[in-house]
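Here is a short briefing for anyone meeting this structure for the first time.

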Amino acid sequence: MPTPTLLLCFADELPLARRIAAASGMALAEIERHVFPDGELRLRLPPQLPQRVVLLRSLHGPNVKLLELLLTARTARTLGARQLTLVAPYLAYMRQDIAFHPGEAISQTIVGEHLAQLFDAVLTIDPHLHRVATLAQAVPARQTLALTAAPLLGDWVFRQCPDALLVGPDEESAQWIQAAARAHGLEHAVCSKNRHGDREVEVVLPQVDVKDRAVVLLDDIASSGRTLAQAARALLAAGARSVDVAVTHALFAGDALQVIRSAGVGRVWSTDSVPHASNSVGIAGLLADALDSVAPA
Ligand code: R5P
(Lines give C-alpha, C1' and ligand atoms only; values in the text may rest on other atoms or scores of the structure.)
Protein backbone atom coordinates (compact mmCIF):
# COMPACT_ATOMS: atom_id res chain seq x y z
CA MET A 1 0.00 0.00 0.00
CA PRO A 2 1.44 3.43 -0.90
CA THR A 3 2.52 5.57 2.07
CA PRO A 4 -0.07 8.29 2.69
CA THR A 5 1.24 11.66 1.59
CA LEU A 6 -0.26 15.02 2.38
CA LEU A 7 0.01 17.94 -0.01
CA LEU A 8 0.16 21.30 1.77
CA CYS A 9 -0.46 24.61 0.07
CA PHE A 10 -1.30 28.24 0.72
CA ALA A 11 -4.64 29.78 -0.27
CA ASP A 12 -3.24 31.63 -3.28
CA GLU A 13 -2.12 28.35 -4.85
CA LEU A 14 -5.22 26.26 -4.11
CA PRO A 15 -6.28 25.88 -7.77
CA LEU A 16 -2.95 24.34 -8.84
CA ALA A 17 -2.75 22.32 -5.61
CA ARG A 18 -6.21 20.85 -6.30
CA ARG A 19 -5.13 19.82 -9.78
CA ILE A 20 -1.95 18.17 -8.43
CA ALA A 21 -3.91 16.41 -5.69
CA ALA A 22 -6.43 15.13 -8.26
CA ALA A 23 -3.67 13.90 -10.58
CA SER A 24 -1.64 12.24 -7.83
CA GLY A 25 -4.31 11.01 -5.41
CA MET A 26 -2.69 12.89 -2.51
CA ALA A 27 -4.82 14.38 0.26
CA LEU A 28 -4.69 18.17 0.32
CA ALA A 29 -4.66 20.64 3.21
CA GLU A 30 -4.29 24.39 3.29
CA ILE A 31 -1.90 26.20 5.60
CA GLU A 32 -3.60 29.01 7.49
CA ARG A 33 -1.67 32.24 7.07
CA HIS A 34 -2.19 35.32 9.17
CA VAL A 35 -0.28 38.56 8.78
CA PHE A 36 -0.08 40.63 11.95
CA PRO A 37 -0.47 44.43 11.71
CA ASP A 38 3.32 44.80 11.89
CA GLY A 39 3.88 42.39 8.99
CA GLU A 40 4.96 39.33 10.97
CA LEU A 41 3.49 35.99 9.93
CA ARG A 42 1.61 33.32 11.83
CA LEU A 43 1.21 30.02 10.03
CA ARG A 44 -0.90 27.08 11.15
CA LEU A 45 -0.52 23.57 9.74
CA PRO A 46 -2.77 20.57 10.34
CA PRO A 47 -1.75 19.47 13.86
CA GLN A 48 -1.02 15.87 12.88
CA LEU A 49 0.95 15.18 9.77
CA PRO A 50 1.74 11.91 8.01
CA GLN A 51 5.39 10.97 7.54
CA ARG A 52 5.43 12.12 3.93
CA VAL A 53 4.52 15.74 3.29
CA VAL A 54 4.76 17.71 0.08
CA LEU A 55 4.62 21.50 0.16
CA LEU A 56 3.59 23.38 -2.97
CA ARG A 57 5.06 26.90 -3.09
CA SER A 58 5.92 28.56 -6.36
CA LEU A 59 8.57 31.15 -5.58
CA HIS A 60 7.47 34.17 -7.59
CA GLY A 61 7.54 37.17 -5.23
CA PRO A 62 10.02 35.08 -3.27
CA ASN A 63 11.21 37.15 -0.35
CA VAL A 64 8.42 36.53 2.16
CA LYS A 65 7.92 33.02 0.81
CA LEU A 66 11.46 32.04 1.79
CA LEU A 67 10.49 32.81 5.38
CA GLU A 68 7.21 30.92 4.95
CA LEU A 69 9.25 27.89 3.87
CA LEU A 70 11.40 28.14 6.99
CA LEU A 71 8.37 28.36 9.30
CA THR A 72 6.46 25.64 7.45
CA ALA A 73 9.29 23.12 7.17
CA ARG A 74 10.44 23.47 10.77
CA THR A 75 6.85 23.18 12.04
CA ALA A 76 6.08 20.21 9.79
CA ARG A 77 9.04 18.29 11.28
CA THR A 78 7.73 18.87 14.81
CA LEU A 79 4.27 17.65 13.73
CA GLY A 80 5.45 14.30 12.43
CA ALA A 81 6.76 14.84 8.91
CA ARG A 82 9.81 12.69 8.23
CA GLN A 83 10.09 13.24 4.50
CA LEU A 84 9.50 16.77 3.31
CA THR A 85 9.36 17.59 -0.37
CA LEU A 86 9.19 21.09 -1.78
CA VAL A 87 7.44 21.53 -5.10
CA ALA A 88 8.43 24.98 -6.29
CA PRO A 89 7.20 25.11 -9.90
CA TYR A 90 9.07 28.41 -10.24
CA LEU A 91 12.35 28.45 -8.36
CA ALA A 92 13.55 31.98 -7.64
CA TYR A 93 17.07 33.39 -7.27
CA MET A 94 18.59 31.03 -9.82
CA ARG A 95 19.87 33.79 -12.11
CA GLN A 96 22.33 35.36 -9.63
CA ASP A 97 24.74 32.45 -9.89
CA ILE A 98 28.01 34.39 -9.57
CA ALA A 99 29.14 37.65 -8.01
CA PHE A 100 28.98 39.89 -11.06
CA HIS A 101 30.61 42.65 -8.97
CA PRO A 102 32.87 42.33 -5.92
CA GLY A 103 30.83 42.00 -2.72
CA GLU A 104 27.62 40.72 -4.34
CA ALA A 105 25.74 37.87 -2.68
CA ILE A 106 25.66 34.72 -4.80
CA SER A 107 21.95 34.28 -4.22
CA GLN A 108 21.63 30.96 -6.06
CA THR A 109 24.05 29.23 -3.68
CA ILE A 110 22.64 30.82 -0.53
CA VAL A 111 18.99 30.20 -1.38
CA GLY A 112 19.82 26.70 -2.67
CA GLU A 113 21.50 25.79 0.62
CA HIS A 114 18.58 27.26 2.60
CA LEU A 115 16.14 25.01 0.72
CA ALA A 116 18.39 21.97 1.04
CA GLN A 117 18.53 22.42 4.81
CA LEU A 118 14.75 22.50 5.04
CA PHE A 119 13.65 19.88 2.53
CA ASP A 120 14.68 16.32 1.67
CA ALA A 121 13.64 16.70 -1.94
CA VAL A 122 13.09 19.72 -4.18
CA LEU A 123 11.19 19.60 -7.48
CA THR A 124 10.98 22.45 -9.92
CA ILE A 125 10.31 23.22 -13.56
CA ASP A 126 12.74 24.81 -16.01
CA PRO A 127 15.09 26.26 -13.39
CA HIS A 128 17.37 28.92 -14.79
CA LEU A 129 20.68 27.08 -14.64
CA HIS A 130 23.28 28.91 -16.65
CA ARG A 131 26.79 28.60 -15.30
CA VAL A 132 25.78 25.64 -13.13
CA ALA A 133 25.10 22.34 -14.87
CA THR A 134 22.60 20.63 -12.56
CA LEU A 135 19.92 21.58 -10.06
CA ALA A 136 21.72 19.45 -7.45
CA GLN A 137 24.70 21.82 -7.63
CA ALA A 138 22.45 24.80 -6.97
CA VAL A 139 20.22 23.07 -4.39
CA PRO A 140 22.23 20.38 -2.59
CA ALA A 141 19.20 18.53 -1.17
CA ARG A 142 19.14 14.72 -0.90
CA GLN A 143 17.05 14.57 -4.07
CA THR A 144 16.40 17.21 -6.70
CA LEU A 145 14.32 16.99 -9.84
CA ALA A 146 14.44 19.60 -12.58
CA LEU A 147 11.48 19.00 -14.87
CA THR A 148 10.85 20.76 -18.12
CA ALA A 149 7.61 22.14 -19.49
CA ALA A 150 9.19 22.84 -22.87
CA PRO A 151 7.63 19.77 -24.60
CA LEU A 152 4.20 20.77 -23.25
CA LEU A 153 4.69 24.30 -24.57
CA GLY A 154 5.86 22.82 -27.88
CA ASP A 155 2.65 20.75 -28.13
CA TRP A 156 0.57 23.82 -27.35
CA VAL A 157 2.37 25.97 -29.93
CA PHE A 158 2.03 23.26 -32.58
CA ARG A 159 -1.73 23.01 -31.94
CA GLN A 160 -2.16 26.78 -32.21
CA CYS A 161 0.23 27.30 -35.09
CA PRO A 162 1.52 24.14 -36.86
CA ASP A 163 3.91 26.06 -39.13
CA ALA A 164 5.43 28.13 -36.31
CA LEU A 165 9.08 29.09 -36.35
CA LEU A 166 10.18 28.76 -32.72
CA VAL A 167 12.70 31.40 -31.71
CA GLY A 168 14.60 31.64 -28.44
CA PRO A 169 15.49 35.21 -27.43
CA ASP A 170 18.96 34.35 -26.09
CA GLU A 171 21.60 31.63 -26.06
CA GLU A 172 20.37 30.20 -22.74
CA SER A 173 16.98 29.44 -24.26
CA ALA A 174 18.50 26.93 -26.73
CA GLN A 175 17.82 24.02 -24.33
CA TRP A 176 14.11 24.84 -24.07
CA ILE A 177 13.75 25.64 -27.77
CA GLN A 178 15.23 22.27 -28.76
CA ALA A 179 13.01 20.39 -26.28
CA ALA A 180 9.91 22.26 -27.45
CA ALA A 181 10.65 21.79 -31.15
CA ARG A 182 11.50 18.07 -31.02
CA ALA A 183 8.17 16.20 -30.98
CA HIS A 184 6.61 18.04 -33.94
CA GLY A 185 9.81 18.86 -35.81
CA LEU A 186 9.17 22.59 -35.54
CA GLU A 187 11.77 24.80 -37.18
CA HIS A 188 13.76 26.71 -34.61
CA ALA A 189 16.52 29.24 -34.07
CA VAL A 190 18.07 31.20 -31.23
CA CYS A 191 18.98 34.89 -30.94
CA SER A 192 21.88 36.35 -29.00
CA LYS A 193 21.38 38.87 -26.23
CA ASN A 194 23.35 41.48 -24.36
CA ARG A 195 21.88 42.77 -21.12
CA HIS A 196 22.96 46.23 -20.04
CA GLY A 197 20.55 46.67 -17.12
CA ASP A 198 17.28 45.42 -15.60
CA ARG A 199 15.29 46.88 -18.47
CA GLU A 200 17.97 47.42 -21.11
CA VAL A 201 18.63 44.49 -23.41
CA GLU A 202 19.91 44.19 -26.93
CA VAL A 203 18.81 41.22 -29.04
CA VAL A 204 20.48 40.13 -32.29
CA LEU A 205 18.46 37.86 -34.60
CA PRO A 206 19.84 34.55 -35.85
CA GLN A 207 20.71 33.99 -39.52
CA VAL A 208 17.30 32.64 -40.54
CA ASP A 209 14.76 34.10 -42.91
CA VAL A 210 11.79 35.19 -40.82
CA LYS A 211 9.96 36.99 -43.66
CA ASP A 212 6.25 36.14 -43.60
CA ARG A 213 6.84 33.54 -40.87
CA ALA A 214 4.54 33.04 -37.88
CA VAL A 215 7.13 33.25 -35.12
CA VAL A 216 6.65 32.03 -31.57
CA LEU A 217 9.19 33.35 -29.09
CA LEU A 218 9.74 30.79 -26.35
CA ASP A 219 11.66 31.28 -23.10
CA ASP A 220 11.76 30.09 -19.51
CA ILE A 221 10.90 33.39 -17.83
CA ALA A 222 9.27 36.66 -18.74
CA SER A 223 10.22 39.08 -15.98
CA SER A 224 10.49 42.73 -17.06
CA GLY A 225 9.40 41.55 -20.51
CA ARG A 226 12.21 43.53 -22.18
CA THR A 227 13.94 40.45 -23.62
CA LEU A 228 10.78 39.31 -25.40
CA ALA A 229 9.84 42.84 -26.45
CA GLN A 230 13.23 43.52 -28.03
CA ALA A 231 13.22 40.17 -29.80
CA ALA A 232 9.68 40.75 -31.07
CA ARG A 233 10.56 44.21 -32.40
CA ALA A 234 13.57 42.84 -34.27
CA LEU A 235 11.55 39.93 -35.73
CA LEU A 236 8.72 42.17 -36.94
CA ALA A 237 11.23 44.65 -38.40
CA ALA A 238 12.78 41.72 -40.28
CA GLY A 239 9.39 40.88 -41.83
CA ALA A 240 7.85 38.26 -39.52
CA ARG A 241 4.11 37.91 -40.20
CA SER A 242 3.28 37.59 -36.51
CA VAL A 243 5.02 37.13 -33.18
CA ASP A 244 3.41 35.23 -30.33
CA VAL A 245 5.02 34.35 -27.01
CA ALA A 246 5.16 31.17 -24.92
CA VAL A 247 6.94 31.02 -21.56
CA THR A 248 7.14 28.58 -18.70
CA HIS A 249 7.10 31.14 -15.88
CA ALA A 250 4.78 34.12 -16.32
CA LEU A 251 6.34 36.58 -13.88
CA PHE A 252 5.41 39.61 -16.00
CA ALA A 253 6.63 42.16 -13.49
CA GLY A 254 5.19 45.70 -13.53
CA ASP A 255 4.47 46.92 -17.03
CA ALA A 256 5.96 43.81 -18.73
CA LEU A 257 2.81 42.71 -20.52
CA GLN A 258 2.10 46.20 -21.80
CA VAL A 259 5.68 46.52 -23.08
CA ILE A 260 5.41 43.17 -24.86
CA ARG A 261 2.10 44.13 -26.45
CA SER A 262 3.46 47.51 -27.55
CA ALA A 263 6.33 45.69 -29.26
CA GLY A 264 3.74 44.00 -31.50
CA VAL A 265 3.32 40.63 -29.79
CA GLY A 266 -0.05 38.97 -30.44
CA ARG A 267 -0.86 36.00 -28.26
CA VAL A 268 0.85 35.32 -24.92
CA TRP A 269 0.82 31.81 -23.47
CA SER A 270 2.33 30.39 -20.29
CA THR A 271 2.19 27.38 -18.02
CA ASP A 272 0.36 27.64 -14.71
CA SER A 273 3.62 27.49 -12.70
CA VAL A 274 2.85 31.11 -11.79
CA PRO A 275 -0.83 32.10 -11.76
CA HIS A 276 -1.44 34.60 -14.59
CA ALA A 277 -4.11 35.45 -17.15
CA SER A 278 -1.89 33.97 -19.88
CA ASN A 279 -1.87 30.46 -18.31
CA SER A 280 -2.75 27.99 -21.07
CA VAL A 281 -0.64 24.92 -20.36
CA GLY A 282 -1.16 22.85 -17.20
CA ILE A 283 1.76 21.39 -15.28
CA ALA A 284 -0.17 19.40 -12.64
CA GLY A 285 0.25 16.08 -14.49
CA LEU A 286 3.97 16.64 -14.97
CA LEU A 287 4.41 17.36 -11.25
CA ALA A 288 2.19 14.49 -10.12
CA ASP A 289 4.14 11.99 -12.26
CA ALA A 290 7.43 13.31 -10.92
CA LEU A 291 6.26 13.10 -7.32
CA ASP A 292 5.83 9.34 -7.83
CA SER A 293 9.57 9.07 -8.34
CA VAL A 294 10.62 10.85 -5.14
CA ALA A 295 12.54 8.24 -3.19
CA PRO A 296 11.60 7.57 0.46
CA ALA A 297 13.90 9.32 2.95
C1 R5P B 1 17.43 35.01 -18.79
O2 R5P B 1 18.31 34.78 -19.58
C3 R5P B 1 16.07 34.41 -18.94
O4 R5P B 1 16.07 33.28 -19.74
C5 R5P B 1 15.07 35.40 -19.47
O6 R5P B 1 15.35 35.67 -20.83
C7 R5P B 1 15.11 36.66 -18.69
O8 R5P B 1 15.12 36.41 -17.33
C9 R5P B 1 13.95 37.53 -19.05
O10 R5P B 1 14.07 38.70 -18.33
P11 R5P B 1 13.31 40.00 -18.76
O12 R5P B 1 11.89 39.62 -19.03
O13 R5P B 1 13.45 40.90 -17.56
O14 R5P B 1 14.01 40.56 -19.95
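The largest pocket is lined by 28 residues, and those nearest its centre are Arg95, Lys193, Arg195, Gly197 and Asp198. Strand S11 (192-197), strand S13 (214-222) and helix H7 (226-237) are the elements that each give two or more residues to this lining. This is a predicted model, in which local features need pLDDT of at least 70 and side-chain atom pairs count only at pLDDT 80 or more, while totals for chains, interfaces and linings use all residues. Residues are numbered from 1 along each chain as its sequence is written, and side-chain values use heavy atoms, with hydrogens and water left out.

**Pockets**

- A pocket here is an open set of points on a 1 Å grid over the protein atoms alone, with protein on both sides within 12 Å along at least five of seven lines, and lining residues have an atom within 4 Å of a point.
- The largest pocket holds about 980 Å³ of space, where a volume is the space filled by probe spheres set on the points, with grid points joined across faces, edges and corners.
- By class, its lining has 13 charged, nine polar and six nonpolar residues; Asp, Glu, Lys and Arg count as charged, Ala, Val, Leu, Ile, Met, Phe, Trp, Tyr, Cys and Pro as nonpolar, and the others, Gly among them, as polar.
- The second largest pocket has about 290 Å³ of space.
- Of the 17 residues that line the second largest pocket, Thr3, Thr5, Met26, Arg52 and Asp292 lie nearest its centre.
- Strand S5 (52-56), strand S6 (83-88) and helix H9 (284-292) are the elements giving two or more residues to the lining of the second largest pocket.
- That lining has nine nonpolar, six polar and two charged residues.

**The cavity**

- A search of the whole structure finds one cavity of 30 Å³ or more, a cavity being a set of grid points where a 1.4 Å probe fits but cannot get out.
- The largest cavity holds about 40 Å³ of space.
- Its lining is made up of Tyr90, Leu91, Met94, Arg95, Asp126, Pro127, His128, Ile221 and His249.
- Five of these lining residues are nonpolar, two are polar and two are charged.

**Overall build**

- The chain has nine helices and 16 strands, which are DSSP runs numbered from the N terminus (helices H or I, at least four residues; strands E, at least two).
- The chain is as compact as a globular protein of its 297 residues, because its radius of gyration of 20 Å is close to the 19 Å of the globule rule; the radius is taken over C-alpha atoms, and the rule is 2.2 Å times the number of residues to the power 0.38.
- Buried residues make up 52% of the 297 residues in the chain, buried meaning under 20% relative accessible area, exposed over 50% and partly exposed in between (1.4 Å probe, protein chains only).

**Residues to find**

- Asp126 sits in the loop between strand S7 (121-125) and helix H4 (135-138), has a positive phi near 40 degrees, and is buried at a relative accessible area of 3%.
- Phe252, in the loop between strand S14 (242-250) and helix H8 (256-262), has a positive phi near 35 degrees and is buried at 8% relative accessibility.
- Most residues other than glycine have a negative phi.
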